[in-house]
Amino acid sequence: MPDIQQGIRDWLYEQPDWLQQAAEILLSFGIASETDIQNLVELLKTPEGQQVTSHRAFDGLSPTPSPASELRLLEIGDISGLENLGPRSPLGFGTGNLCVIYGHNGSGKSGYTRLLKRACGKPRAKELKHNVFLPPPAVRKCRIGYQVAGVARKVEWQANGAPVDHIRAVDIFDADAAVAYLTEETAASYTPPSVALFEALATVCDRIKTQLQTEQDRLVSALPALPTEYAATPAGIAYGALRPDLDDTALQRFIKWRDEDKHALEQLTERLKADDPAALARTKRSTKLQIDQLASLLGNATAAFGDERISAIRALRADAVKKRRIATESAQVDSAKLDGIGMDTWRALWEAARGYSQTAYPGRDYPVTDDALCVLCHQVLAPEAQQRLRDFDGFVQGKLEVEAKAAEKVYQQALEGLPTTMSSDEIATRSQAAGLPGESWGIHLAAYWDQVGDTRDALLDGEVNGPATPVVPPISILGELTTRSEALECEAAQHDKDATSFDRAQAGKDKLNSEARRWTAQQSAAVRTEIDRIQRRAEYEQWKNLANSREISIKAGEIAEKVITQAFVDRFNSELKALGASRIRVELFKTRTEKGKALHKLRLKGAQTGQDLPGSVLSDGERRIVGLAAFLADVAEQPHVAPFVFDDPISSLDHDFEWCVAFRLAELAKRRQVIVFTHRLSLFGVMEDAAKKIGEVWKLQHLHQHCIESFSGVVGHPADQAAWNANTTKANNLLLTRLREAKNAGETFGAAAYTNFAQGICSDFRKLLERTVEDDLLNQVVRRHRRSITTDNRLSSLSHINQEDCKFIDTLMSKYSCYEHSQSWETPSFIPEEPELREDLESLKQWREEFKTRPTGSAANA
């Protein structure tokens with residue numbers, strides 16, 4: 001074993017750190033908790049966890065064995081709704097190690113076995129039913145009494161509930177177990193710690209793999225389904241074939257959607273819709289013209305209200321103001337009576353008078369002084385007034401005044417040459433004509449023309465309310481208009497080409513692929529998420545491969561071959577021999593190793609075909625005895641002390657096998673509790689002989705025999721001691737007691753009640769007479785259902801027998817045989833009256849007392 005342990009240690013040092021950690025947990029605690037599994041999963045995912053290490057000692061490979069606590073079954077009771085069981089009182093299994101329970105077919109033996117299999121969590125345990133001939137019960141449960149390490153316990157177990165942990169170690173043999181051992185691959189029930197480590201490691205690997213699978217399953221794709229019309233497009237194919245190693249360049253081809261792509265799709269759509277490409281080209285160029293005109297207006301306005309032009313207007317205004325000031329300051333009219341000659345208001349008055357003069361004095365030069373009235377006050381012009389008008393005219397016609405007027409004219413012409421602003425209606429009209437969609441164009445253009453209007457108003461007002469602000473050049477607007485203009489020209493050129501030649505089918509394919517690219521681009525975030533998910537799933541596949549238990553199973557097979565298989569085979573051969581079945585040509589062999597467990601199977605030894613199974617060749621009895629041998633080989637040598645339960649172990653066996661089985665079960669009972677259910681009275685008797693072979697004292701201490709029966713459709717009732725299973729003295733007294741009860745029943749309820757009771761008493765009296773012959777008269781030298789003849793210290797008592805004894809017993813046997821055997825209608829049997837029956841019972845009791853105290857040699861003297 002030290003070599004085995006060192007080999008395991010060396011193997012562990014070749015494994016990754018996460019698996020070594022799992023082994024350390026199992027060696028220290030025996031089981032890995034859910035927290036341990038989660039921690040191991042996280043360790044396995046890391047590079048450190050995947051490295052091979054050698055820093056652990058694995059001291060748990062050399063554990064100190066601890067004594068196992070004894071488990072005993074005490075009783076089963078309070079049964080409700082389970083099978084057809086309904087015992088009036090609990091079925092007890094006695095205080096000794098060997099309990100034999102007899103019951104006829106249908107008395108509940110198999111029901112108790114099925115109940116125990118289910119409660120102990122055994123393989124192939126079938127679901128327990130209720131009595132199918134009755135409505136489903138509200139409660140389905142039982143109470144199981146057991147003892148662990150000398151401490152008695154009781155547990156209420158619900159039908160088909162979780163197994164009771166404390167009694168899982170109970171080993172149960174029935175017909176299903178016999179068939180399973182004969183036909184199926186089975187793993188040894190007891191696994192040595194060295195092999196159990198690998199089984200546990202394989203289980204841990206499976207749990208880790210399950211946890212990884214659970215986490216992987218949570219990585220659910222959220223990728224939107226591709227519309228079916230895009231499935232055959234290059235973009236659709238790429239969308240449906242996402243890979244974890246897809247580089248960004250390839251990814252960008254179908255998730256990036258630019259303005260150029262959008263425009264190209266629109267053009268393809270338009271081209272495909274066009275019935276007259278030439279007309280469409282003309283329309284595009286017309287729209288282009290509108291764009292160019294709008295761009296020209298914007299450019300002109302930007303130039304007119306830019307810094308340079310505003311500065312020029314300001315210079316013209318300053319020049320006009322300056323020259324007007326000079327002209328005004330130089331205006332010296334001596335005849336003038338008032339100030340302000342030459343000012344704007346005066347000049348306006350002068351020019352108004354000039355205009356009116358043409359109405360009053362048409363055709364005459366202004367001012368008219370001869371024979372004329374003043375055009376303002378309509379008074380006769382005195383010579384002084386005439387001279388003053390001529391002086392004013394001379395001033396107006398002077399050089400400075402002419403220069404001032406000229407400067408003012410230039411300034412005014414500059415203002416009049418300023419571009420006008422656009423109204424909101426004009427902006428909308430021009431935007432529509434230029435094919436500028438949406439409100440944003442109107443908003444941007446309106447903002448620009450608002451600037452133009454403000455600057456223009458300021459310039460026209462002479463900037464009296466504040467300086468004019470240069471208009472910000474609409475660079476983005478002009479750039480977009482230029483782009484659109486150029487694009488329209490390209491489109492128009494394409495339409496011109498389409499007018500002469502157009503591959504409409506290819507254009508349709510290009511359009512569909514563009515639409516698919518537009519759709520996939522809209523899912524760009526989902527595509528990146530999906531690629532990340534695929535990459536994560538690929539990682540999980542790698543991690544699950546690391547958690548594969550195949551290497552563990554291979555190593556477990558090597559260890560199991562050394563410490564399990566050969567020992568299992570040897571035990572099987574020994575059990576065959578002990579059961580008297582060594583002549584049956586079968587053998588046990590290892591088939592394979594699965595998840596750390598070595599699996600074995602029975603096969604015919606020396607069969608020529610090599611394919612015929614034992615179950616198809618052996619007889620019923622041979623199959624039963626071989627299955628029992630395999631069961632015992634599997635469980636008998638387990639280190640824990642737990643009960644054996646056998647349900648009809650000798651079914652189909654002849655008396656030779658029956659004898660061997662009985663003695664093997666008695667031998668097992670030396671070390672562990674053995675509970676045997678049987679419907680064969682022969683086994684009931686043979687088990688007693690087998691117990692005696694161990695020793696009379698041991699038999700009295702350990703053998704417990706009793707009976708179960710069915711009554712009123714309910715089975716499993718523990719039967720009271722009766723004539724057939726109590727000692728003859730006690731059985732005799734039981735019948736007398738029953739006779740008193742029959743008499744009371746007759747006196748209370750009438751003769752029929754007495755007759756019903758007395759019928760059973762007469763039948764049991766006949767059985768008691770048979771027992772009396774075996775146990776009293778022949779002193780148990782020979783007994784029915786028993787193979788042996790017992791002579792030790794018993795033959796001498798046979799000398800007590802005399803002719804009167806034989807006559808007495810024979811008379812009673814003849815009288816009461818009719819109550820045990822069928823009679824013809826011609827000779828009906830009648831129930832004895834109570835006094836007569838009592839007299840016969842009392843006479844047998846007195847005879848027995850006298851016979852047992854009879855002195856030696858009295859028979860000869862008689």
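Me: Which residues form a nonpolar patch on the surface?

Reply: Patches are made of residues with over 30% relative accessible area and no salt bridge, where like charges are joined within 9 Å and nonpolar side chains (Val, Leu, Ile, Met, Phe, Trp, Tyr) within 5 Å. Here V132, F133 and L134 form such a nonpolar patch, with about 380 Å² of accessible area together, the areas coming from the Shrake-Rupley method with a 1.4 Å probe and, for residues, only the protein chains shown counting as cover. The model is predicted, so local features need pLDDT of at least 70 and side-chain atom pairs count only at pLDDT 80 or more, while totals for chains, interfaces and linings use all residues. Residues are numbered from 1 along each chain as its sequence is written, and side-chain values use heavy atoms, with hydrogens and water left out.

Me: Where is F133 found, and is F133 buried or exposed?

Reply: F133 is found in the loop between helix 4 (109-119) and strand 4 (141-148), helices (H or I, at least four residues) and strands (E, at least two) being DSSP runs numbered from the N terminus. Buried means under 20% relative accessible area, exposed over 50%, and partly exposed in between (1.4 Å probe, protein chains only). F133 is exposed because its relative accessible area is 77%.

Me: How many residues does the largest nonpolar core have?

Reply: In soluble globular proteins, nonpolar side chains tend to be buried together. A nonpolar core is a set of buried Ala, Val, Leu, Ile, Met, Phe, Trp, Tyr and Cys residues joined through side-chain atoms within 4.5 Å. The largest has 54 residues, and those with the most contacts inside it are F572, I625, V626 and F646. Helix 22 (residues 620-635) gives the most to this core, with nine residues. Leaving aside neighbours within four places in sequence, I625 is in contact (heavy atoms within 4.5 Å) with L579, A581, I584, L653, F657 and V661. Apart from this core lies another, of 36 residues, among them A23, A202, I208 and L212.

Me: How many salt bridges does a search of the whole structure find?

Reply: Side chains of opposite charge can pair when their charged atoms come close. With a salt bridge taken as a side-chain nitrogen of Lys or Arg within 4 Å of a carboxyl oxygen of Asp or Glu, the search of the whole structure finds 52. In one of these, the side chains of R517 and D261 meet at 3.5 Å, N to O. R517 lies in helix 18 (residues 504-522) and D261 in helix 9 (residues 259-273), so the pair ties together parts that are 256 residues apart in sequence. Both R517 and D261 are buried. D764 also forms a salt bridge, with K767, the closest N and O atoms being 3.7 Å apart, but here both residues lie in helix 27 (residues 751-777), three residues apart, about one turn of the helix. D764 counts as buried at 14% relative accessibility, whereas K767 counts as partly exposed at 27%.

Me: How many disulfides does the count come to?

Reply: A disulfide is a covalent bond between the sulfur atoms of two cysteines. With the rule that the pair of sulfur atoms lies within 2.5 Å, the count comes to zero. C377 is in no disulfide, as the nearest cysteine sulfur, that of C374, is 3.6 Å away. C377 is partly exposed, with a relative accessible area of 44%.
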